[in-house]
Amino acid sequence: MGAHMESLFEKASQSGGEKIKKIGLIVNPIAGMGGRVGLKGTDGWDIVEKAMKLGAKPWSEERAERMLRTLLPLLKEIKIFTYPGEMGENIAKKLGYDVEVIGKIEGERISAEDTRRAAREMTRKGCELILFVGGDGTTRDIYDAVGLSVPVIGVPAGVKMYSAVFATGPERCGELAVKYLRGMIKELQEREVMDIDEEKYRNGIFAVRLYGYLMVPYDKRYVIGGKSPTGISEKANQEAIAVDIIENMDDETYYILGPGTTTKMILKKMEVRYSLLGVDILYRRKVVGLDLNERDILRIITGKRTKIIISPLGGQGYLLGRGNQQISPSVIMSSGGKKSIIIVATQQKILNLEGKPFLVDTNDPLLDRQLSGWYRVITGYRERWMYRVEYG
Amino acid sequence: MGIVKLRKNFHQSKWDEPIIFELSTENERGIHVPPVERDIEESSGNLETLIPESIRRKQPPSLPEVAQLRVLRHYIRLSQEVLGVDVNIDIGQGTCTMKYSPKINEVLVRSRKVTEIHPLQPEDTVQGALEIIYNLDHILREISGFSRFVFQPGGGSQALYTMASIVYRYHQVKGNTHKDEIITTLLSHPSDAATAKVKGFKVIDIPPDQETGLPDMDAFREAISERTAGMIICNPEDTEIFNPHIKEMTSIIHEVGGICAYDQANANGLLGIVRSIDLGFDLGFYNLHKTFSSPHGCGGPGLGAVGVIKELESFLPIPVVDYDESGKKYYLNFDLPNTIGKVREFYGSFPVILRAYAWVRVLGEEGLREVAKVSIINNNYVMKKILNEVKGASISFPKTEYRVSQVRYSFKKLADEAGVTVEDVIRRITDFGFHLWTSHHPWIVPEPFTIEPTESYSKDDLDEYVEGLKTITQEAYENPERVKNAPFNSVIHKIQDMSFFEDPEKWAPTWRVYLRKHRNQEVRK
């Protein structure tokens, strides 16, 4: 019986292997180099050169290799579509994979446009999964190219990694890919693509923006910010939170809803319009402002009773100041400060922080201090977890 | 030194058995009920007139139609597909206290004096049964310090629901309509929160302090307000660290007019040592199954005995058993002015009460204390052994050195180092005929598992169990695929896609729901 069970499992695990599966591979060869020498990112060749002068060595190929080694059980079942040389070709060929190079690097040096073009081409070729090695910059480029059209998993290799699309390490990325390609994982989650807002950053303001969502095969153990089973799915948890919020809404209050899938599930449940990435305002169960900037928010709420419903974004627990800067110090003060803030978060999101507090970084140190302390975070229907907020 | 033998050749029966509904064939019958004899019908009246019209079915229920032999084979097969309480060392059932249920108690409950009584019989004819209920109530009063116990709830969660209902009713009677929040802790049993929510309360969970594992007292103080109706918690919590702040917590709750309810499902290590009343609790429950040796809920009917202080007696579910001094008889007292009503029919599962009563009477006061002491010693012995010998295992909140009668461990190190998760180990452990760990969501402790050795198991049993863990973890490091693909000898198998498990929309608690959700068929009720 034992041997029988084992052979059954083997059969089951190989049952998808009759057809060759197409996988995309994008390696950003310069990812992470800036960080290792204390720079804030590696966006642009001038920084790469500076980094190399400071002694930085490329490491993404090494990380790609670690990931691809874990993928070796599928060697005969997959074909890798990639870009030339260090963008994936070298390493995939070195390990003996069946490789098709689908384009060429335009210009003298690898650029973001190469990543975007590669990703677009991979969807055209019918790749059912794109694996990439990089950081937030690479993630954004892939997001620009493919949106939600194809599942993606990232090997974390960048300096900035606010996005939630990365596996916890190269081997975990490979294992997750194996599980997904063998049909052992079917759930796909929309996970945040975040990056520093470069425009603001150049003007001296540190601002992380929520750019959108990528589709990521989901297994709690493998994806950053997703390793603590709670018993129900993220979606079911978000719905339970939404029902609680809706049940307790009153008609005299303006509700500012920050970006994110948890906050916007409330509006989705109410079947009203919403912007996933922006800040919306709800009053008497109707949306009175969509995707607002700070000035618009202030115009609507000034002098009104207001509550702010926010959720931590990305994998690091930032509640304010990352991806929702529209909810500015003025907006928070005008709403009534700490007591006007309603935090919603799925239990998994909290557990993933492993006890680390939520963070606020509104760019107003005094306000950040005032906002710190314990909150009753709504984590389900009629359920609140006491959780600490600190300033970042 | 006895025999420590890990049974590596364990092999469980496995039948590819459909569920009973799938075996149904139209008009097949297991038994033909003979028609009512004319004399009987004439004296008692027509069957239909005996059942009130309001509860008469319009059409027959959709029960499976199966012949006797097929039914027999079906259930015998299923009975072979269990781990079996009498064949395995079940100390790792999870958060449930598993212990030996003395067989003599089964003889007692199978006596005709028990099997042939009915809860609707006149009180005069069941005086013995009422006396046993009455006496057990008094014994539990001694153990806890509470003023009165009821036995109506059919298990731990129903007892928790009863307690939440008492808290609710108490504030209703007092006119405290603003009190709508219940405090609990994240490491208390999930039913503490769930039952309070069902009752309509908002539940505030207190997280553990990251260092000590005890409820964070700053968070606790912040959570308390005029809206606090009460607190429902375990102590020790599932980590089994005894809470030294518990009296401070109960008094803070009392200061705002709240009520403190004690989930004593983890009481095994406290019997005869700690009284609930001395910790400031106003009500609490014991599981007569588990702690008081009646078989565990999945292996027999359960019972959560709820006890309260004097001031809350009038809120208990009815009836309670009392003794009439003048008439010298036991009777059912329905006259509790503030009663929450009923949470279950009648007044408690009598066989469970009887087993618990027999168990306590055999042990006596000293014996009960011995139960607690041995279970604590066994637990700390196993803990040391696991930490020293099982690679990849650790305890939660290691700064707190000792635990009461169970430990929440973690296989995080194993998962990080070998890529083998606690869920893999759970499946593999069934290949040795051991019970598997359950009830750990949400995972406050990563890769969690809980072991509660209780007083029943010998040193040899404990050594054998740890030997099993050692074997599996060694295998995890040397041949991880073996553990990841387990089990091989058990009736259960590895499920590839677990996502349906977490999606309430896909849950099918009954056959009818299954047909509706998964086969798109409507079945009559």
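The model is predicted, so local features need pLDDT of at least 70 and side-chain atom pairs count only at pLDDT 80 or more, whereas totals for chains, interfaces and linings use all residues. Residues are numbered from 1 along each chain as its sequence is written, and chains are lettered from A and ligands numbered from 1 in the order in which they are written.

The secondary structure of chain A comprises 15 helices and 16 strands. Helices (H or I, at least four residues) and strands (E, at least two) are DSSP runs, numbered from the N terminus. Of the 392 residues in chain A, 51% are buried. A residue is buried if 20 or more other C-beta atoms lie within 10 Å of its own, exposed if 12 or fewer, and partly exposed in between, with C-beta atoms placed from the backbone. Two residues are in contact if their C-beta atoms, placed from the backbone, lie within 7 Å. Among contacts in chain A between residues at least 6 apart in sequence, 66% link residues at least 24 apart.

Chain A is assigned domain 1 (2-217) and domain 2 (234-391); such bounds come from an automatic or database domain assignment. The contact between them takes 12 residues from domain 1 of chain A and 11 residues from domain 2 of chain A. On the domain 1 side, strands S6 and S7 (208-217) of chain A each supply at least two residues. That side of domain 1 has six nonpolar, three polar and three charged residues. Here Ala, Val, Leu, Ile, Met, Phe, Trp, Tyr, Cys and Pro count as nonpolar, Asp, Glu, Lys and Arg as charged, and the others, Gly among them, as polar.

Helix H4 (residues 60-70) and helix H8 (residues 170-181) of chain A cross at roughly 35 degrees, and their axes come within 7 Å. Axes are lines fitted to C-alpha atoms, for helices over the stretch in contact, and angles run from 0 to 180 degrees between N-to-C directions. The contact residues of H4(A) include Arg63(A), Arg66(A) and Met67(A), and those of H8(A) include Pro170(A), Glu171(A) and Cys173(A). By class, the contact has four nonpolar, two polar and five charged residues.

Helix H10 (residues 234-247) of chain A has 14 residues and should span 20 Å at 1.5 Å a residue; its end C-alpha atoms are 20 Å apart, which agrees. The expected span is 1.5 Å times one less than the number of residues. Among the buried residues of H10(A) are Glu234(A), Ile241(A) and Ile245(A). Their cover includes strand S6 (188-196), helix H11 (261-269) and strand S15 (373-380) of chain A.

Ile342(A) lies in strand S13 (residues 341-343) of chain A. Ile342(A) counts as buried because 20 C-beta neighbours lie inside 10 Å. Not counting residues up to four places away in sequence, Ile342(A) touches Lys307(A), Ile308(A), Ile309(A) and Ile378(A).

Between the chains, 34 residues of chain B contact 31 residues of chain A. S3(B) gives the largest share of the chain B side, five residues. That side divides into 15 nonpolar, nine polar and 10 charged residues.

In helix H13 (residues 422-429) of chain B, eight of the eight residues are buried, so the helix is largely enclosed by the rest of the structure. The cover of H13(B) includes strand S12 (448-451), helix H14 (459-478) and helix H15 (480-484) of chain B.
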